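Dear colleague,

Please find below the structure that I am handing over to you. My findings follow directly after it.

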Amino acid sequence: MPQQTVCPSCAEPLDPEDDYCGACGVGVTDATAPVPAASDGASAAVPCVHCGAAELTADGYCESCGGVQPRPRDHQEREVEGVAGVTDRGLRHHRNEDAFTVAATRLPSGEPVALAVVCDGVSSSARPDEASETAVRAASAHLLAALERGQRPDQAMREAIGEAAKAVSELAKDGVRTPGGSLNAPACTYVSAVSAAGLVTIGWVGDTRAYWIPDDRESAVPYRLTEDDSWAARVVAIGLMDEAEAYADPRAHAITGWLGADAEDLEPHTVSFTPHVPGVLLVCTDGLWNYAEAAADLAERVRPDARTEPLAAARNLVEFAVAAGGHDNITVAVLPISPPPESSLQTVPLQAGAATGAAPLHSDPTIQLQRPADQTLQLQLQLQPADRA
């Protein structure tokens, strides 16, 4: 009788003919540690975390209470030199299809660099959990290597998105069987942030988001840095609906941009700015922002000490999303930003295509749109108290 094996990465039970783990997407050629299968086909490695019964099925369910057993990817936390991230499966999904990493390194000059990469697997695609994990690994590896050799953050960001897209596209060609017979290529959305030498750079594809949340929310304005590649964003941009109407529509979250072999035209977006006041940068999946879409609403959920306690802040935001319903996987990364005290002007360079034909990123009346000599569109935000309605 063939011996059952487990995934070497997450310990998910595997059948002898499996080539990869359906839970975490890792190839299982090294899954050589056999575990005896019980005579009734159940695995008795650990008791049920819900009721303590010993009878568990091979696919991780309790035969007594029916509860699914947690997997390592269901909830993960990571903090590196003050940069932190948390991901959670939520309450409704059977697995976590989000992936993230946070990392720290240094520029050749010795200045510190912090980065976060967050991806959300497209649930209607094949192997979405593997797509998100693959994108995170490819992008973070490229960003770290590029920044350590002194490449400009905006260039490194664009190249990292390209590397992530290439890696996810290759999954459609690797010959791995797709559970359920899905015909859709693996796909995910993407957002990443880099803080280096006083400059913050954001890159994204899809509807994963980045928000700027200042410490002092009375004299500085929280705002969203990214524009979704989605049906809702598209109809708002062309004036067919206002934002409230668009996001209430059942089609709102249909994405128009993603990483994957079936993405027709990859249009990565990047934005950079120099923060003028202390605060935090949040990068997150829609499992969080679905419950607090506007920047001001999300800022109310961010701990006042988020810049000094980023892991606690990320945990609190995940807990908020779970308590609000947990309908999707939830991932949040928090990057503390402490600019030099003399910084008083924030400059946000945007690609021309991102600044035209799209809803404005900000509603602050102090914003002025300028076109410098190099034809790069810039938004300049002078420090003034916010005029909140």
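R224 and E243 form a salt bridge, with 3.8 Å between their closest N and O atoms; the term stands for a side-chain nitrogen of Lys or Arg within 4 Å of a carboxyl oxygen of Asp or Glu. R224 belongs to strand 11 (residues 223–224) and E243 to helix 4 (residues 243–248), so the pair ties together parts that are 19 residues apart in sequence. R224 counts as buried at 10% relative accessibility, whereas E243, at 35%, is partly exposed. Here buried means under 20% relative accessible area, exposed over 50%, and partly exposed in between (1.4 Å probe, protein chains only). Through shared partners, salt bridges join R209, R224, D228, E243 and E293 into one network. Helices (H or I, at least four residues) and strands (E, at least two) are DSSP runs, numbered from the N terminus.

Please note that this is a predicted model, in which local features need pLDDT of at least 70 and side-chain atom pairs count only at pLDDT 80 or more, while totals for chains, interfaces and linings use all residues. Residues are numbered from 1 along each chain as its sequence is written, and side-chain values use heavy atoms, with hydrogens and water left out.

R209 is buried, its relative accessible area being 0%.

A further salt bridge connects E133 with R137, at 3.0 Å between the closest N and O atoms. Because these two residues are four apart in helix 1 (residues 128–148), about one helical turn separates E133 from R137. The whole structure contains 17 salt bridges.

Turning to G257, this residue lies in the loop between helix 4 and strand 12 and is buried, at 9% relative accessibility. Its C-alpha atom is 8.5 Å from that of D228, 29 residues away along the chain. Neighbours within four places in sequence aside, G257 is in contact (heavy atoms within 4.5 Å) with T189, V205, G206 and D229.

Finally, D262 is located in the loop between strand 12 (259–260) and strand 13 (269–273). D262 is partly exposed, with a relative accessible area of 34%.

Yours sincerely
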